[in-house]
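Trainee: I have not seen this model before. Could we go through it by questions?

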Amino acid sequence: MVPSANRQNPLLTSILFGTLVSLLLLESVVVGDGNCGCAPNFCCSQYGYCGTDPDYCGPGCREGPCNAPPSTNDVTVADIVTPEFFNGIINQAGADCAGKNFYSRDRFLEALNSYPQFGRVGTQDDSKREIAAFFAHVTHETGHFCYIEEIDGASKDYCDETNSQYPCVANKGYYGRGPLQLSWNYNYGPAGNSIVFDGLSAPETVATDPLVSFKTALWFWMNNAHSIITSGQGFGPTVRAINGGECDGRNPDTVRSRAEYYTNYSSQLGVSAGDNLTC
């Protein structure tokens with residue numbers, strides 16, 4: 001018997017309904033709305049999206065079964081980043097460097113109050129390696145704390161127009177600023193939300209407020225490199241986290257420069273640099 005043309009097939013209807021429900025659930029889980037409200041047992045990431053893997057439940061997780069941060073050790077970062085250590089870096093900058101009167105150990109330590117996990121996870125040697133790695137990248141990015149802003153940065157386009165969550169503001173530049181040369185609207189936006197400054201409308205704050213400047217560097221580090229170095233992956237992967245464009249043989253000289261700073265600072269702090277120094 002040939003079924004009527006307008007008669008519904010129960011099996012097909014069931015399949016279509018199941019597919020529609022699955023798509024709706026997938027949208028609610030994966031897409032998110034930037035304001036959390038995830039389904040039970042899902043984490044809301046630092047960017048407002050829902051999921052269950054470490055990108056969602058790890059650093060910056062807002063709601064849900066977020067991974068508890070590792071316990072801290074009894075290291076006092078100020079005892080490692082001594083005036084002698086910090087000044088040994090910044091004193092290599094020329095007297096006419098803008099950063100010479102901008103960056104300071106006091107502002108670094110003040111910014112550190114907002115990031116209690118920095119330099120305090122694992123053994124004392126692990127803490128020293130993280131501190132050495134952080135300052136190695138800072139030294140490379142700023143020329144021993146000489147530069148506050150990226151050289152010729154204003155002439156470069158660091159606006160990702162496809163990012164609708166953190167849209168660029170007209171006539172604002174998202175070029176490198178601060179100890180780790182924070183760049184791109186998709187970094188300025190969430191950094192501003194976390195630190196509480198208008199990263200999109202006033203990105204220049206990173207170059208005018210030394211406390212905010214250090215906080216942006218620590219914010220980026222804690223969200224992108226902290227877990228790499230503290231999990232024993234070595235210094236090399238942190239280079240990829242800071243500037244992956246240098247890796248895979250594309251700029252071996254800059255990678256080598258970063259690694260040399262790291263090895264030097266590790267030696268100063270009395271700890272072995274370990275393996276896997278390049279990316």
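Mentor: A crossing is left-handed if the near helix is turned anticlockwise from the far one by less than a right angle, and right-handed if clockwise. Helices are DSSP runs (H or I, at least four residues) numbered from the N terminus. The model is predicted: local features need pLDDT of at least 70 and side-chain atom pairs 80 or more, while totals for chains, interfaces and linings use all residues. Residues are numbered from 1 along each chain, and side-chain values use heavy atoms, without hydrogens and water.

Trainee: Which hand has the crossing of α5 and α9?

Mentor: Helix α5 covers residues 105–112, and its axis lies 8 Å from that of α9. Axes are lines fitted to C-alpha atoms over the stretch in contact (heavy atoms within 4.5 Å). The crossing of these two helices is right-handed.

Trainee: How are α5 and α9 oriented to each other?

Mentor: They pack at an angle of about 55 degrees, on a scale from 0 to 180 degrees between N-to-C directions. Under 35 degrees is roughly parallel, over 145 roughly antiparallel, 65 to 115 roughly perpendicular, and the rest oblique. The two helices are therefore oblique.

Trainee: Which residues of α9 meet α5?

Mentor: From α5 come R107, F108, E110, A111 and L112. F108 is also in contact with V77, V81, F118, F134 and F135, among others. On the α9 side the residues are P210, L211, F214, K215 and L218.

Trainee: Is A202 buried or exposed?

Mentor: A202 sits in the loop between α7 (185–195) and α8 (205–208). Its relative accessible area is 18%; buried means under 20%, exposed over 50%, and partly exposed in between, with a 1.4 Å probe and protein chains only. A202 is therefore buried.

Terms used: Lists of a residue's contacts leave out its neighbours within four places in sequence.
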